[in-house]
Amino acid sequence: MTTSQLINDQKPGAARRAGRPGIALAVIAACQLMVVLDATIVNIALPHIQDALEFSTTDLTWVVSAYTLTFGGLLLLGGRAGDILGRRRVFMTGILLFTFASLLGGLAQEPWQLLAARVLQGVGGAIASPTSLALITTTFPEGPERNRAFGVFAAVSAGGGAIGLLAGGMLTEWLDWRWVLFVNVPIGVLIAVLTPLYISESQRHSGRFDIAGALTSTGGMALLVYGFIRAADEGWRDNLTIGSFGVAVVLLLAFAFIESRAKEPITPLRMFADRNRSGTYVIMLSLAAAMFGMFFYIVLFVQNVLDYTPIEAGLAFLPVTVVIALGAGLSQRFLPVLGPKPFMLAGSALAVAGLAWQALISSDSSYVGGVLGPMLIFGFGMGLNFVTLTITAVSGVAQHEASAASGLLNTTQQVGGSLGLSILTTVFGSASKDEAEKQVPHFMADGSAEQKAEFAKTHQLPAPWGHEVLAQGISSGFVAAASMAVLALVTAWFVIKVRKSDLEALAGTAGPGLG
């Protein structure tokens with residue numbers, strides 16, 4: 001039989017080089033890594049972006065928020081699109097859009113151009129990310145093989161943030177801040193080329209898009225985050241702060257009402273009927289809220305207090321990726337035997353311990369005692385949880401709803417991160433203002449004439465007084481982050497149940513013996 005005959009005999013949408021699951025998984029994982037790390041890769045480059053495009057300090061926060069809010073807000077719609085239009089087709093569309101937006105962002109000459117590109121990146125990521133997770137369910141059979149694939153995917157998702165910080169430091173210091181965006185272009189093109197070769201198209205399902213649900217959920221979450229961010233600057237009595245919270249509540253209630261009545265909702269409420277899946281979403285929301293805040297504020301600490309260079313700041317996070325991978329590997333191996341609950345309990349407890357330790361941070365803290373130690377404990381706990389949460393969220397879901405289930409899990413992670421960071425920013429702002437009021441008299445008594453002249457212009461306290469302000473704000477923020485992790489621990493203890501049927505499904509068996 002000729003090569004052309006073999007190609008003609010393939011089913012429509014079949015991969016041209018099927019039968020190589022390792023390459024297929026590498027393509028899917030590469031997409032997830034690119035999308036996840038983009039939420040953090042720009043963090044270290046922010047000062048350079050501010051100088052180059054003349055951002056104000058307030059507007060600069062939207063370089064990060066424009067991506068995370070759009071990404072988290074549209075994940076549900078992206079997952080639904082994969083079910084209706086075909087997951088491989090939607091996956092490639094998201095990758096190409098994300099790649100094009102990265103190119104535009106790297107070429108930006110004005111602040112609005114960069115922000116528009118970041119929004120477009122968020123749209124592309126929201127299309128590609130939930131579809132990539134759903135592709136695992138159609139590419140790998142349920143059982144040990146799929147569990148291993150989920151383990152790789154979850155490890156990439158968990159470690160992507162830290163890898164982004166390291167890559168951002170190297171690209172910023174060795175090349176230019178624009179390369180934190182340009183680096184996505186060759187990777188995205190390669191993924192788009194390899195996808196039709198090694199990944200088959202999924203079965204398309206009839207349906208319609210829940211536009212009203214997507215708009216109300218995205219708008220509600222964006223306004224909720226904006227309300228917390230504005231409260232940090234203007235206070236809780238500010239009219240716009242109150243109005244943002246009020247409209248957010250209305251939109252989110254409208255979203256719940258629409259989903260309960262829609263024939264084809266982007267978020268089927270029956271997904272929450274299973275107590276383990278509902279508990280999984282709560283745990284992910286809580287831990288992501290703490291994790292985003294940890295990365296953001298530790299970056300500030302190591303650069304502003306410890307005076308690390310961008311590369312040194314990135315390297316400071318490298319050990320986290322190692323312990324996350326160790327935790328992910330451990331949970332993936334023993335999950336079929338023990339079930340999800342022990343790993344959720346242990347992972348959440350370690351997260352609480354690590355954050356509580358970090359709440360002790362001060363301007364005199366060293367990297368090893370104040371940053372590395374608690375970060376390793378927290379990272380290992382997150383590694384235990386990410387694989388467990390990912391597998392539990394999609395376990396037992398019908399294939400035609402796999403995108404919705406995975407999209408909802410990703411949404412809770414991104415929304416949890418955005419909400420958590422905004423809440424911690426409010427706590428940080430309040431504590432920093434209080435500490436600044438205490439430090440100003442000391443500065444006025446001991447500061448030099450040049451320092452006082454600079455303070456009159458910038459209203460920023462120099463070191464060591466400014467270090468005290470920053471450290472106190474970060475410490476208070478980690479108290480709030482630890483409280484979020486406590487919610488995850490309580491949920492794991494009281495909501496998650498170990499069921500024999502779950503253990504059998506995780507092990508890929510149908511017989512007894514695992515109960």
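Me: What volume does the second largest pocket have?

Reply: This is a predicted model, in which local features need pLDDT of at least 70, side-chain atom pairs count only at pLDDT 80 or more, and totals for chains, interfaces and linings use all residues. Residues are numbered from 1 along each chain as its sequence is written, and side-chain values use heavy atoms, with hydrogens and water left out. A pocket is an open set of points, on a 1 Å grid over the protein atoms alone, with protein on both sides within 12 Å along at least five of seven lines. With points joined across faces, edges and corners, and volume taken as the space filled by probe spheres set on them, the second largest pocket has about 450 Å³.

Me: Which helix gives the most to the lining of the second largest pocket?

Reply: The lining (residues with an atom within 4 Å of a point) has 20 residues, with Met 221, Phe 255, Phe 272, Leu 408 and Thr 412 nearest the centre of the pocket. Helices (DSSP runs of H or I, at least four residues, numbered from the N terminus) H10 (211-234), H11 (239-261), H12 (275-304) and H17 (402-446) each supply at least two of the lining residues. The one that gives the most, with five residues, is H17.

Me: Is Leu 409 buried or exposed?

Reply: Leu 409 is in helix H17 and touches Thr 280, Tyr 281, Met 284, Leu 389, Thr 390 and Ala 393 (heavy atoms within 4.5 Å), not counting residues up to four places away in sequence. Its C-alpha atom is separated by 9.3 Å from that of Leu 76, 333 residues apart along the chain. Since the relative accessible area of Leu 409 is 3% and the classes are under 20% for buried, over 50% for exposed and partly exposed in between (1.4 Å probe, protein chains only), Leu 409 counts as buried.

Me: How far apart are the end C-alpha atoms of helix H6?

Reply: H6 covers residues 111-139, which is 29 residues. The expected span is 1.5 Å times one less than the number of residues, so H6 should span 42 Å. H6 bends by about 25° at Ser 132, the bend being the angle between axes fitted to the seven residues ending there and the seven starting there.

Me: What is the relative accessible area of Val 123?

Reply: Val 123 lies in helix H6 and, leaving aside neighbours within four places in sequence, is in contact with Thr 70, Leu 74 and Leu 97. Val 123 and Leu 74 are 49 residues apart in sequence and 6.8 Å apart in space, C-alpha to C-alpha. Val 123 is partly exposed, because its relative accessible area is 23%.

Me: What is the phi of Asp 307 near?

Reply: Asp 307 sits in the loop between H12 and helix H13 (310-316). With a relative accessible area of 57%, Asp 307 is exposed. Most residues other than glycine have a negative phi. Asp 307 has a positive phi, near 60°.

Technical notes
On a 1 Å grid over the protein atoms alone, a cavity is a set of points where a 1.4 Å probe fits but cannot get out, and a pocket is an open set with protein on both sides within 12 Å along at least five of seven lines; lining residues have an atom within 4 Å of a point.
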